[in-house]
Amino acid sequence: MNKQNLTYLVLFFVILGVVLIFVSKPETSPPGFETVNVDEAREMLEKDDFFLLDVRTPVEFNESHIEGAVLIPLENGYGSNLGPDQLLEARINEVPKGEKILVYCRTGRRSAVAS
């Protein structure tokens, strides 16, 4: 085995190790937050009293949304000068304090950011 092949092999195993470290970490929620799956969210919709926050885009919201949801998008759109980290902050007074909040989006990424 020549030196170049050995270098590639070592590099491959280093990258594989890094990927395995990040993939194997359990997904945890920050303190005070709880991650729920679709079935748990469905149960919440049927039983609990909470504020339902949709953080998708207006286009996604208009295509379909859960009845009673309030739209506060995280994505910049429609000429807004605010960055994604400022959109929710600008309308945070619409989110009730001291109440359970169920945040949802299409994949979970935006709802995690919003939370």
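The pLDDT is the predictor's confidence in each residue, on a scale from 0 to 100. For the predicted model described here, the chain has a mean pLDDT of 76, and 69% of its residues reach 70 or more. Confidence is lowest in helix H1 (residues 3-24), where the mean is 60, and highest in strand S2, at 90. Where pLDDT is low, the predicted coordinates should not be read in detail.

The chain contains 5 helices and 3 strands, which follow one another along the sequence in the pattern α-α-β-α-β-α-β-α. Of its 115 residues, 23% count as buried. The accessible surface amounts to about 9,000 Å², and carbon and sulfur atoms contribute 57% of this area. Among contacts in the chain with a separation of 6 or more, 45% are between residues 24 or more positions apart.

The 3 strands form an open sheet with parallel pairing, in the order S2-S1-S3. Strands S2 (70-71) and S3 (101-104) stand at the edges with a single partner strand each, so one side of each is left without a neighbour in the sheet. Strand S1 (residues 51-54) runs parallel to S3 and is joined to it by 4 bridges. Within this pairing, Leu53 stands opposite Val103 in S3.

Side-chain pairing was examined next. Side chains of opposite charge can pair when their charged atoms come close. In total, 5 salt bridges were counted. One of them links Asp39 and Arg42, with the closest N and O atoms 3.2 Å apart. These two residues are 3 residues apart in helix H2 (residues 38-47), a separation of about one helical turn. Asp39 counts as partly exposed, at 49% relative accessibility, and Arg42 also counts as partly exposed, at 46%.

A further salt bridge is formed by Glu60 and Arg110, whose closest N and O atoms are 2.8 Å apart. Glu60 belongs to helix H3 (residues 58-63) and Arg110 to helix H5 (residues 109-114), so the pair ties together parts that are 50 residues apart in sequence. Both Glu60 and Arg110 are buried.

Arg91 and Glu94 likewise meet through their side chains in a salt bridge, at 2.8 Å from N to O. Arg91 is partly exposed, with a relative accessibility of 28%, and Glu94 is partly exposed at 36%.

Terms used:
Residues are numbered from 1 along each chain as its sequence is written. This is a predicted model: local features need pLDDT of at least 70, side-chain atom pairs count only at pLDDT 80 or more; totals for chains, interfaces and linings use all residues. Side-chain values use heavy atoms; hydrogens and water are left out. Two strands pair if DSSP finds at least two bridges between them. Buried means under 20% relative accessible area, exposed over 50%, partly exposed in between (1.4 Å probe, protein chains only). Contact means heavy atoms within 4.5 Å. Accessible areas come from the Shrake-Rupley method with a 1.4 Å probe; for residues, only the protein chains shown count as cover. A salt bridge is a side-chain nitrogen of Lys or Arg within 4 Å of a carboxyl oxygen of Asp or Glu.
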